Amino acid sequence: MKDDKMKFYSLDHLLNDQSERPSDLIGDGILLKKSFLLITGAKKSRKTFLAYNFGIALAAGGTFGGFIIPETKNRVLILSAEGGYYPNKERIQKMCYWVDDERRKKLDINLDISFDPRIKLEDDEDYKLLSAKIEEFKPNVVIIDPFIKFHQIEENSAGEMSYILERLRCLIEDFNISIILVHHLGKEASLGARGSSAILGEYDSCITLSKVGSENKFRHRLEFDLRHSISPDPRILLFKQETFWFYEEISPIISIISENGSMKKNELVKLCLSEGIYKSDGGAYKAIDKLVIAGEIKLNSDELYEIVQK
């Protein structure tokens, strides 16, 4: 048992504490220090690639897809239980195409990966082995992918699932780490991650990843749910097969106008919905208005939306 397990603070301490909150590991409150980020999505929605992108960016220093990584030095431990050594080795080699000598040195020191699928969080011996590895390597972030491979309990049992999640929280508290957990959506996607609602009740932040558009299989929509910060607006990212990285896309609304010419607002909204970019009229209208305010698009004399030429 840790000595600070029952640490309490007086009201006087809280009211007079002027210390600043530690900087986010991933900006906009997406991953705070000592917190739990859930990445979820349907099968083959490229959750693993997003998790690996996060791991490499955190360890090497850098940003991608609009995600800000404030710190330039983080240690990352990845537990990957799907695909085995060679497929994952090839993925990582491709993802590290941009790594220069300086970042390569950082990755050598700051990134460690296991592809062993036999670790089970409910097993006391496995839990001790994992704890020992964390104590030795001293990571800032541990990525577990996918969650289902790291336990053999009944996913729909709130009691059993709560026990596993409590063990993850103990790792967070005991070793001052953050955890990124990759988990599948349930059969009913609107209900969120698969299994007991205990999973949905536990995370501090969540990214739900989905493919959008019937033709462009490389366009992805990311939706955010943050418990301790204001949730960012949904984001559309492109996945590049050549590099296995996610990239920011030029606003899909601007792409639509560029491809189809100036158009009325209702026509623009209809195309946004048909391509799966936004899920509701309201979301599309809001995105159009934001681009007008930002000076990216405007209404012309014919009451049609067009791109602002710069």
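Trainee: What is the relative accessible area of Asp 124?

Mentor: This is a predicted model, in which local features need pLDDT of at least 70, side-chain atom pairs count only at pLDDT 80 or more, and totals for chains, interfaces and linings use all residues. Residues are numbered from 1 along each chain as its sequence is written, and side-chain values use heavy atoms, leaving out hydrogens and water. Asp 124 counts as partly exposed (buried is under 20% relative accessible area, exposed over 50%, partly exposed in between, with a 1.4 Å probe and protein chains only), because its value is 43%.

Trainee: Which residue meets the side chain of Asp 124 in a salt bridge?

Mentor: The N to O distance in this salt bridge is 2.7 Å (the criterion is a side-chain nitrogen of Lys or Arg within 4 Å of a carboxyl oxygen of Asp or Glu). Asp 124 lies in helix H5 (residues 124-137) and its partner in helix H6 (residues 158-175), so the pair ties together parts that are 43 residues apart in sequence; helices (H or I, at least four residues) and strands (E, at least two) are DSSP runs, numbered from the N terminus.

Trainee: Is Lys 298 or Glu 306 the one at 22% relative accessibility?

Mentor: The two form a salt bridge whose closest N and O atoms are 3.8 Å apart. Lys 298 is partly exposed, with a relative accessible area of 39%. The residue at 22%, also counted as partly exposed, is Glu 306.

Trainee: Which residues are linked with Arg 169 in a network of salt bridges?

Mentor: The structure holds 15 salt bridges. The network that includes Arg 169 also contains Glu 202 and Asp 204.

Trainee: How many disulfides does the structure hold?

Mentor: Cys 96 counts as partly exposed at 21% relative accessibility, and Cys 170 is partly exposed with a relative accessible area of 31%. A disulfide requires a pair of cysteine sulfur atoms within 2.5 Å. The number in this structure is zero.
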